[in-house]
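User: Hi! I am new to reading protein structures and would like to go through one step by step. Could you help me with some questions about it?

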Amino acid sequence: MRALLLLLLLPLFADNFNDGVRGPEWVEGSGFYVQAPHYSPLVLVDESTGTLTFTHPGSLYWLANSYTSIAAYDVRDRRVSAKLTRQGATAWLAVGEDGEHASVTIQNGPSGTSLYFKTYYAGRYDEYDQLFVDDYGPDDLYVALRFNRRGVYCETSPDGVNWVSHGLIKGKLDFTSAAHIELGGGGFIQSPGTSTIDDFKIE
């Protein structure tokens with residue numbers, strides 16, 4: 001019984017990137033959130049420092065790279081989270097598939113660090129389904145997409161334990177029983193910059 005309880009408490013999928021190399025659960029390159037022509041191998045991906053680091057060379061174009069999970073996961077009634085750190089470049093967590101997904105992004109805003117939360121379905125982003133939090137403050141924070149029968153919540157946390165909800169996008173997403181994960185970095189920045197992702201988990 002104790003072993004069963006411990007198994008139930010374990011994350012469905014987790015990666016802290018401490019091993020320094022891309023694990024077999026991930027594929028690097030163009031995913032469902034970042035697709036051609038924005039995908040670029042010029043945005044370098046590295047795990048040697050114990051985090052998933054994206055280094056943007058600086059460009060007049062929007063460039064990005066990502067890790068996408070090879071397997072699909074049932075995220076119904078689960079929280080998908082990661083620690084995102086912005087050091088010039090954008091970082092994001094996306095859950096879904098081609099043509100339908102939810103995402104949370106930390107990036108440069110009009111007057112500071114901004115957090116974007118949106119869903120994509122039926123071939124477009126619906127402006128009524130976007131929540132925008134400007135002047136969030138810290139350049140690094142834990143972010144999460146939490147799914148239940150009502151829809152998807154965007155949450156943030158200073159420590160990955162105590163979560164605050166920033167809004168709910170109701171219904172509409174059908175992928176939650178078989179969703180892929182994308183962790184990415186890049187953006188439109190004219191000077192070199194980095195972003196990092198750490199402590200990823202589905203629980």
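User: Happy to start. In which strand is the place of isoleucine 106?

Analyst: Strands (E, at least two residues) and helices (H or I, at least four) are DSSP runs, numbered from the N terminus. This is a predicted model, where local features need pLDDT of at least 70, side-chain atom pairs count only at pLDDT 80 or more, and totals for chains, interfaces and linings use all residues. Residues are numbered from 1 along each chain as its sequence is written, and side-chain values use heavy atoms, with hydrogens and water left out. Isoleucine 106 has its place in residues 100-109, which is strand E8.

User: Is isoleucine 106 buried or exposed?

Analyst: Buried means under 20% relative accessible area, exposed means over 50%, and partly exposed lies in between (1.4 Å probe, protein chains only). Because its relative accessibility is 0%, isoleucine 106 counts as buried.

User: How far apart in space are isoleucine 106 and serine 195?

Analyst: Along the sequence, isoleucine 106 and serine 195 are 89 residues apart. In space, C-alpha to C-alpha, the distance between them is 9.4 Å.

User: Threonine 90 is in which strand, and is it buried or exposed?

Analyst: Threonine 90 is found in strand E7, residues 90-97. Contact means heavy atoms within 4.5 Å, and, leaving aside neighbours within four places in sequence, the contacts of threonine 90 include Ile106 and Ser195. Its relative accessible area is 9%, so threonine 90 is buried.

User: Which residues touch the most other members of the largest nonpolar core?

Analyst: A nonpolar core is a set of buried Ala, Val, Leu, Ile, Met, Phe, Trp, Tyr and Cys residues joined through side-chain atoms within 4.5 Å. In soluble globular proteins, nonpolar side chains tend to be buried together. The largest core here has 37 residues, and the ones touching the most other members are Ile181 and Phe200.

User: Which strand gives the most to this core?

Analyst: Among the 37 residues of the largest nonpolar core, 4 come from the strand that gives the most. That strand is E11.

User: Which strands pair with E11?

Analyst: Two strands pair if DSSP finds at least two bridges between them. Strand E6 (residues 79-87) pairs with E11 (residues 140-148) in the antiparallel sense over 7 bridges. Strand E12 (residues 151-157) also pairs with E11 in the antiparallel sense over 7 bridges, and a hairpin of 2 residues joins E11 to E12. The partners are E6 and E12.

User: Which residue is the bridge partner of lysine 83 in E11, and which stands opposite lysine 83 in E15?

Analyst: E6 is joined to E15 by 7 bridges, and the two run antiparallel. In E11, the bridge partner of lysine 83 is tyrosine 142. In E15, the residue opposite lysine 83 is aspartate 198.

User: How many of the residues of E6 are buried?

Analyst: E6 is mostly covered. Of its 9 residues, the number buried is 7.

User: Why is phenylalanine 188 called partly exposed?

Analyst: Phenylalanine 188 lies in the loop between strand E14 (180-187) and strand E15 (193-202). It is called partly exposed because its relative accessible area is 46%.

User: Last one: how many helices and strands does the protein chain have, and what share of its residues is buried?

Analyst: The secondary structure comes to 1 helix and 15 strands. Of the 203 residues in the protein chain, the share that counts as buried is 48%.
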